[in-house]
Amino acid sequence: MSNRAEDIRNIAFVGHASKGKTTLCEALLNIAGATERMGRVVDGNTVCDFDAEEKKRKISINSAVASISYKGKAINFIDTPGLFDFAMGSAEGIRAADTAVIVVSARSGLAVGAEKAFKSAGSKGISRIFVTTKMDDDRADFYKSFNGIVAKFGTQVCPIVVPVLSAGKVRSYYNMIDDKAYVYENGSKKEVTPEPADAPRFEAIKAVFAEAVASTDEELMEKFFDGEELSREEKIKGVKLGMADGSIIPVFALSGLTGVACDMLLDFIADVCPPPSSEYAINSNGEPVELTADENGPLAAICFKTVSDAFIGKLNFFKVISGKITPSTPAYNASTGKEERMGKIIKMFGSKQLDASCISAGDIGAVTKLGGFSTGDTMCSSSNVIKLDSVNIPAPTYKMAINAVKKGEEEKIASGLTRLCEEDPSLKFSINNETHQQIIAGLGEQQLEVSVSRLKDKFGVSALLSTPKVAYRETITRKVSAQGRHKKQSGGHGQFGDVFIEFEPYDTENLIFAERVVGGSVPKNFFPAVEKGLNECMESGVLAGYKMVGVKATLYDGSYHPVDSSEMSFKMAASLAFKEGISNAMPVILEPIVTLKAVVNEDAMGDIIGDINRRRGRVLGMTPTSDGNQEIMAEVPDAEMTTFSTSMRQITQGRGSFTTEFARYERAPEHIAQKVIAEAKE
């Protein structure tokens, strides 16, 4: 396999779920001779869907790398999941790729996942290809799908391989670059003369291709206007130029399931798709540095994926931008500033790990046992510290409480989830100290369910998900005075403490303690005990046991006994005064309010605003975004946000996104407060 950067192709398969990405990847691997026969997703025997959860659910959950050699090129296929719950896999693939193959079903046409993948790949500046697969389906309509792509993305969309139809059936596939049509029958391919039923449309498609290619270069344009035919080499030159600057986005028609016309896509990847290009990094002075795919250049490699392997431990996937990784390379982490000993270098073919001598500039590979590296970290030289652009990690928006089935296994859950979060940075684990719950947050319900399943399979701990408790607060609304008198006699020294305390509302998080005792009715050395007793009581309110806030307590009188008084006595007295005073100070429940920023498409804006209103939210305003969407800003009670992630996805069909940030605590409506109090008493 070649190590020259110009002979490397890094290809990510992206798009909506269930459109045939894994199946297409399987077909290309088989045509390249990397497998003896094609696996099937439904049979659980594909190269890229090798995880136990993937086989069980018949979907892609993780990104997977399959490195092959074809026509003298080193090709790294990166198969990514299409479900939005597993968007981290797509982000990993796009960060490592130089070309994104966006898979669209010829049966159902352009889907939201394809639109999002197109945008993500464009933001990274990598080349894009559309593939309309499932052409073997009787309901497939390539031209309807193609027109939908053109309508959405414009005239940069350029047909490369199109079906030739006759009597509504696909008779052959026409390759614009070869200027030839091919028939696939009984596993063989032969050249034929195209006889399209709709000749005008077929000729129009050819004209679109010729003009798109010619417009990439002045010489080609001149030749095109003179009415001369472009040679195959000139067409390839034009397509290469167009893919490089984004003015050409090739489109292929094929069937991944049968493998028909997939060979033309594979040849195109090897012959036309761009090799790894230059990339900018930031040096230690904060200045941009351009890096080229030169194995003799300074070392710069991005860790785009992390896996915890059951047999060899941690596995970090790297794309080398410049320089090369060898067994003798010191693994310096620009993010942590620490250096590690290089682990074993391997190339991946799905689940198979193949020993490698190095990972050269432009190539993709994995390194074992680098404990300090995480997804998004840059490997470089300690003498030339540079940082590469990280992986675009999706922010978690869906959270649940996770509870151990067996008591005492909370630590096992914490340990296991910490490991799973290393693999998937879009997954976050935390402990809410107020509600004493373990919280897991991610991109959706399926992602959390898979995490719970993996906890059991990998770490042997069973857990259940539940709606997380809300960290309500309690406060008071009027000024009161109360006495706390603690007196106990049980032989020998007794206990005596007597305090008069004034409680009043105050704009503060923690208790404000003051004193205005006169005449020594309470000795000064007992003031700290009174304050400590009050602070302990603040941890549990009188209504529902939630933390108290917004209270000022002023000790203004009391009495003591020269023998029986002690710090403990006054602490107990303060506690008694607190319970009586707070109960009489008209305590209320406070609920947390979050600031919601939701980016939605125009069509869904009204429904999203309606949904926010149903959640007792207040819309503060709307701002147009640069891509034609609207950003809605609102304030919503945190208790109402549990299912908002699911609603947002349903209403916007996956196009929307949102973030939340804690804003403040606010008095809960009476019916909500009564519900919270009732639940606390159960």
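On a 1 Å grid over the protein atoms alone, a cavity is a set of points where a 1.4 Å probe fits but cannot get out, and lining residues have an atom within 4 Å of a point. The model searched here is a predicted one, in which local features need pLDDT of at least 70 and side-chain atom pairs count only at pLDDT 80 or more, while totals for chains, interfaces and linings use all residues. Residues are numbered from 1 along each chain as its sequence is written, and side-chain values use heavy atoms, with hydrogens and water left out.

Across the whole structure, the search turns up two cavities of 30 Å³ or more. H11 gives the most, with four residues. By class, the lining of the largest cavity splits into six nonpolar, six polar and five charged residues, where Ala, Val, Leu, Ile, Met, Phe, Trp, Tyr, Cys and Pro count as nonpolar, Asp, Glu, Lys and Arg as charged, and the others, Gly among them, as polar.

The second largest cavity has a volume of about 60 Å³. Among the residues lining this cavity are Tyr143, Pro163, Val164, Leu165 and Arg201. Strand S6 (157-166) and H6 each supply at least two of the lining residues, with the largest share, three residues, coming from S6.

Helix H6 (residues 199-214) packs on helix H7 (residues 218-225) at an angle of about 140°, with the axes 8 Å apart; axes are lines fitted to C-alpha atoms, for helices over the stretch in contact, and angles run from 0 to 180 degrees between N-to-C directions. The two helices are therefore oblique to each other, given that angles under 35 degrees count as roughly parallel, over 145 as roughly antiparallel, 65 to 115 as roughly perpendicular and the rest as oblique. On the H6 side, Ala210, Glu211, Val213 and Ala214 make the contact (heavy atoms within 4.5 Å), and on the H7 side Leu220, Met221 and Phe224 do. That makes six nonpolar, no polar and one charged residues.

Next comes the largest pocket, with about 1400 Å³ of space; a pocket is an open set of points with protein on both sides within 12 Å along at least five of seven lines. Its lining has 41 residues, and Lys116, Gly654, Arg655, Gly656 and Ser657 are the closest to the centre. H4 provides the largest share, seven residues. The lining of the largest pocket divides into 16 nonpolar, 16 polar and nine charged residues.

Finally, four strands form an open antiparallel sheet in the order S25-S26-S24-S27, with strands taken to pair if DSSP finds at least two bridges between them. S25 (428-432) and S27 (463-466) are the edge strands, each pairing on one side only. Strand S24 (residues 398-404) meets S27 over four bridges, and isoleucine 402 has leucine 465 of S27 as its bridge partner.

Note on methods
Points joined across faces, edges and corners; volume = space filled by probe spheres on them.
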